[in-house]
Amino acid sequence: MSETPFNIIPPSSSSSSSLQVNVLMGGLQIHHHHQQQQQILMSTPIVSLPSCNLRTISILSTSFRKFCTSAQIKAVNRVSADELKEQWLNSLNCSPTLPKQNHDKEIVSPPSQWVIGIDPDVSGALAVLKPYDFASPAQVYDSPNVKVLIGNRVRRRMDTKAMVELLRSLSIPYGTTAYIEQSLPYPGDGKQGWWSGGFNYGLWIGVLVASGVSVVPVPSVRWKQEFKLSGNGKTKDDSRALACSLFPTLSSSLKRKKDHGRAEALLIAAYGKGIRLNSDSESLTSINTDNSTS
């Protein structure tokens, strides 16, 4: 029988009870230590912070927005509507200037005698009035467009490249003024009509200014009132009839109903040229214009 390397002595009943007492006393000490820490934390003064709930944040945010809006309104009021309009029209002006001489101010050269009228709709047109071309003093061109797929429908959109090529082919003098019908949304047009009208209007302005042509927006109500084409009972046919009487050499290009875009482009150009109807008759007269929209 082999000897054990060491002897295991089982704990006696007295040592076991002593161990239990020590463990119990240690637990009481730990528990008492935690109680002291809690008392210290509870006795420490807590700094009170103002309550900041969602309602408070919303009120502060609303007050800040009102303050910013008020400041913006005051800033806008400092600039009159006429000044804002003048700044916008100046951004569309391409009047040529001669180089400075002897440190003087730039001299504005005489404006071109050409006048352009544009109906910016996709079914519209561009009309050109030339002062010295007796063979074809008035010309009209359909707006270039291309078919695209929008959703499940095929729609027409302006062909930007063809628009640029058209203007280049006409050899328009730099600084020529183009009168374009100002695009305004109508409730019956729908979202597609609003988008298309604004897109075509802005695209024409961009292409014209980039080509060195000054742009003057004209509300449709203004030029139609001058030619007595506004009001109930007036139709696109009335525009074609007036354009035929004003430009008889182009009557063959205005005989179809869908040629109303050509007719209106010609009439817009005539408005820019200074042609008006006499107030007491249907006869036409010509006056000088100052290229303004007022």
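Modeller: Two strands count as paired if DSSP finds at least two bridges between them. Helices (H or I, at least four residues) and strands (E, at least two) are themselves DSSP runs, numbered from the N terminus. This model is predicted: local features need pLDDT of at least 70, side-chain atom pairs count only at pLDDT 80 or more, and totals for chains, interfaces and linings use all residues. Residues are numbered from 1 along each chain as its sequence is written, and side-chain values use heavy atoms, with hydrogens and water left out.

Colleague: How many helices and strands are there in the chain?

Modeller: The chain has eight helices and eleven strands. Five of the strands form an open sheet in the order 5-4-3-8-9, with mixed pairing. Strand 5 and strand 9 are its edges, each pairing on one side only. From one strand to the next, the twist averages 20°.

Colleague: In which sense do strand 3 and strand 8 pair?

Modeller: In general, strands of a sheet pair through backbone hydrogen bonds, either parallel or antiparallel. Here strand 3 (residues 115-119) and strand 8 (residues 177-181) are parallel, over four bridges. G117 has Y179 in strand 8 as its bridge partner. Y179 in turn has V216 as its bridge partner in strand 9; strand 8 and strand 9 pair in the parallel sense over five bridges.

Colleague: Is strand 9 enclosed or open?

Modeller: Five of the five residues of strand 9 are buried, so the strand is largely enclosed by the rest of the structure. Buried means under 20% relative accessible area, exposed over 50%, and partly exposed in between (1.4 Å probe, protein chains only). As a rule, side chains in a regular strand alternate between the two faces of the sheet. In strand 9, S214, V216 and V218 point one way, V215 and P217 the other, and all are buried.

Colleague: Which residues touch the most other members of the largest nonpolar core?

Modeller: In soluble globular proteins, nonpolar side chains tend to be buried together. A nonpolar core is a set of buried Ala, Val, Leu, Ile, Met, Phe, Trp, Tyr and Cys residues joined through side-chain atoms within 4.5 Å. The largest one here has 28 residues, and W223, F227, F247, L266 and L267 touch the most other members. Elements giving it two or more residues include strand 4 (125-129), helix 7 and helix 8 (260-273). Helix 8 gives the most, with eight residues. A second, separate core of 23 residues includes I118, L170, V207 and V215.

Colleague: What is L267 in contact with?

Modeller: Contact means heavy atoms within 4.5 Å. Leaving aside neighbours within four places in sequence, L267 is in contact with W223, F227, L229, S239, L242, A243 and L246.

Colleague: Which residues of helix 7 are buried?

Modeller: In helix 7 (residues 236-246), S239, R240, L242, A243 and L246 are buried. Seen down the helix axis, these buried residues fall within an arc of 165° (taken from the directions from the axis to the C-beta atoms), so they line one face of helix 7.

Colleague: Where is Q113, and how accessible is it?

Modeller: Q113 lies in the loop between strand 2 (107-108) and strand 3. Its relative accessibility is 42%, so Q113 counts as partly exposed. Q113 and K273 are 160 residues apart along the chain, with their C-alpha atoms separated by 9.0 Å.

Colleague: How much of the chain is buried?

Modeller: Buried residues make up 30% of its 294 residues. Among contacts between residues at least 6 apart in sequence, 59% join residues at least 24 apart.

How values were computed: Axes are lines fitted to C-alpha atoms, for helices over the stretch in contact, and angles run from 0 to 180 degrees between N-to-C directions.
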